[in-house]
Amino acid sequence: MAYNIAVIPGDGIGTEITDAVLPLLERGSEHHGFDFETTWYEWGSERYLQDGAMMPEDGLARLEHSDAIFLGAVGHPNIPDHVTLNGLLLPIRKGFDQYICKRPSILYDGIESPLRGYAAGDIDFVVYRENTEGEYANIGGREHRGFDHEIAVQSAVFTREGTQRVVQQAFEAATHRDGRLTSVTKSNAQAHSMVFWDDIVQEVSEEFPDVTVEELLVDRASMDFIRRPETFDVVVASNLFGDVLTDIAATVTGSLGLAPSGNINPSGAYPSMFEPVHGSAPDIAGQGIANPLAAVLTGAMLFEHLGENEAAAALSTAVESQLADESAPRTPDLGGSATTAAVTADLEDRL
Ligand code: NAD
Ligand code: IPM
Ligand code: MN
């Protein structure tokens, strides 16, 4: 089997972790007998500074026939984030209808949670984040710039289909896990969109009588992600709430540098895109110390998506064995002093 993978390193540590990790994925594909052909797209902020666009006008058309996309991260300290992100990352998620953003959180052996009293395996849940609409619909405007009566409007959009499909997928996932689903909203304040979301959760729950449903307000959920992360199994949330919760989830399981993510179009009509949860990290970019493990675990999600489960498991196992080994190199986010290159070289040996 030969796969065509589009690779978009992006900006900052996005390029560092992509350069470090793609050779590991290529090696993995050789070991497991499939071809992994990559096409690299040097799209991002450097391109924007030269040509005024993050990607070419026909960017999506160029990616459309890939079997999957691997993306590093996007964001540049000298360009407004709304320009870079709306110029590259977000149009791919929306354009390819990648309506599930799947973000697993696992506390691995050898990793100390900042929370007291948690051992390996105690925390193991997955967030299904709505990924194409909601608060990220970007409908609105800004009028009367600079005047006292200036106004900015940013509308959120929740459609029946858009909400139903992510909720449905989250319930489905719960049936393959521990059968528990937590839906996170803010329906005490947002009486339209979030009450609508709650209604849909109730409707869909009737198709899944074996799944236990818990409904939490997002402020309370943020607290409980820290107070009792061990109780979560599948969490479903809107685009913005899912974004915020998954940085918390990454942190309670050790580091943002360990958190993988997949933007998935379940129908396969368009390619899915895999990227770590973290961003371009300008505070450490250029130092060669970014943790590449989020990107490696992201690669495992990509392999799994292609149906290459053995290759996916080999990557995850190598990461687990490295983390469990006290003498193995670790980047500073995990309390060590190793470089990105040292961590990937060690992983290569384990593979
Ligand atoms: P960030 O995720 O880039 O960094 C947050 C903190 O975590 C920083 O201290 C950073 O050094 C650390 N960190 C992140 N990844 C790490 C890794 N692999 N290893 C070690 N430490 C790591 O978030 P931010 O600082 O809010 O955003 C920086 C830029 O990235 C902004 O332009 C933002 O818009 C963008 N961003 C992009 C994505 C994406 O492309 N998917 C995601 C988040 C943020
Ligand atoms: C993420 C990021 C993006 C998001 C930003 C960069 C637009 O924070 O992937 O978590 O909010 O989706
Ligand atoms: Mn985020």
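## Burial, domains and ligand shells in a predicted model

With 22 C-beta neighbours inside 10 Å, A281 counts as buried, a term that applies when 20 or more other C-beta atoms lie within 10 Å of a residue's own, whereas 12 or fewer make it exposed and counts in between make it partly exposed, with C-beta atoms placed from the backbone. A281 is found in the loop between β12 (273-274) and α10 (293-306), where helices (H or I, at least four residues) and strands (E, at least two) are DSSP runs numbered from the N terminus. Its phi is near 45 degrees, a positive value in a residue other than glycine.

The structure is a predicted model, in which local features need pLDDT of at least 70 and side-chain atom pairs count only at pLDDT 80 or more, while totals for chains, interfaces and linings use all residues. Residues are numbered from 1 along each chain as its sequence is written, and chains are lettered from A and ligands numbered from 1 in the order in which they are written. The chain averages a pLDDT of 98, and 100% of the residues score at least 70; pLDDT is the predictor's confidence in each residue, from 0 to 100. The model scores ipTM 0.99 and pTM 0.98.

### Domains

The chain is divided into domain 1 (1-98 + 262-351) and domain 2 (124-252), with bounds that come from an automatic or database domain assignment. The centres of the two domains, taken over C-alpha atoms, are separated by 25 Å. Nine residues of domain 1 are in contact with seven residues of domain 2, contact meaning that the C-beta atoms of two residues, placed from the backbone, lie within 7 Å. On the side of domain 1 that touches domain 2, the largest share, three residues, comes from helix α5 (residues 89-95). By class, that side of domain 1 has three nonpolar, three polar and three charged residues, where Ala, Val, Leu, Ile, Met, Phe, Trp, Tyr, Cys and Pro count as nonpolar, Asp, Glu, Lys and Arg as charged, and the others, Gly among them, as polar.

From the record, an unreviewed UniProt entry lists residues 4-347 for "domain: Isopropylmalate dehydrogenase-like"; UniProt positions are given in the numbering used here, feature names are shortened, and annotations may be inferred rather than shown by experiment. Over residues 4-347 the chain is 40% helix and 21% strand, and the end C-alpha atoms are 24 Å apart.

### Ligand shells

Ligand 1 is surrounded by 22 residues, of which the closest are G75, G257, H278, G279 and N291; a residue is near a molecule if its C-beta atom, placed from the backbone, lies within 6 Å of it. The shell around ligand 1 has eleven nonpolar, seven polar and four charged residues. Around ligand 2 stand L85, L90, D243, V277 and G279, a shell that divides into three nonpolar, one polar and one charged.

### Individual residues

Which residues touch G10, leaving aside its neighbours within four places in sequence? They are T15, G44, L71, G72, A73, V74 and S280. G10 lies in strand β1 (residues 2-10) and is buried because 29 other C-beta atoms lie within 10 Å.

In helix α5, the place of P91, this residue counts as partly exposed, since it has 15 C-beta neighbours inside 10 Å. Leaving aside neighbours within four places in sequence, P91 is in contact with L60 and N86. F96 lies in the loop between α5 and β4 (100-106) and, with 22 C-beta neighbours inside 10 Å, counts as buried. Not counting residues up to four places away in sequence, F96 touches N265, Y270 and P271.

Strand β6 (residues 134-143) holds R142, and N138 also has its place in β6. R142 counts as exposed, because it has 10 C-beta neighbours inside 10 Å, while N138 is partly exposed, with 14 other C-beta atoms within 10 Å. N138 has a positive phi of about 60 degrees although it is not a glycine.

The table sets separations along the chain beside C-alpha to C-alpha distances.

| Pair | Separation in sequence | C-alpha to C-alpha distance |
|---|---|---|
| G10 and Y41 | 31 residues | 8.5 Å |
| P91 and G59 | 32 residues | 9.8 Å |
| F96 and N263 | 167 residues | 9.5 Å |
| R142 and R228 | 86 residues | 41 Å |
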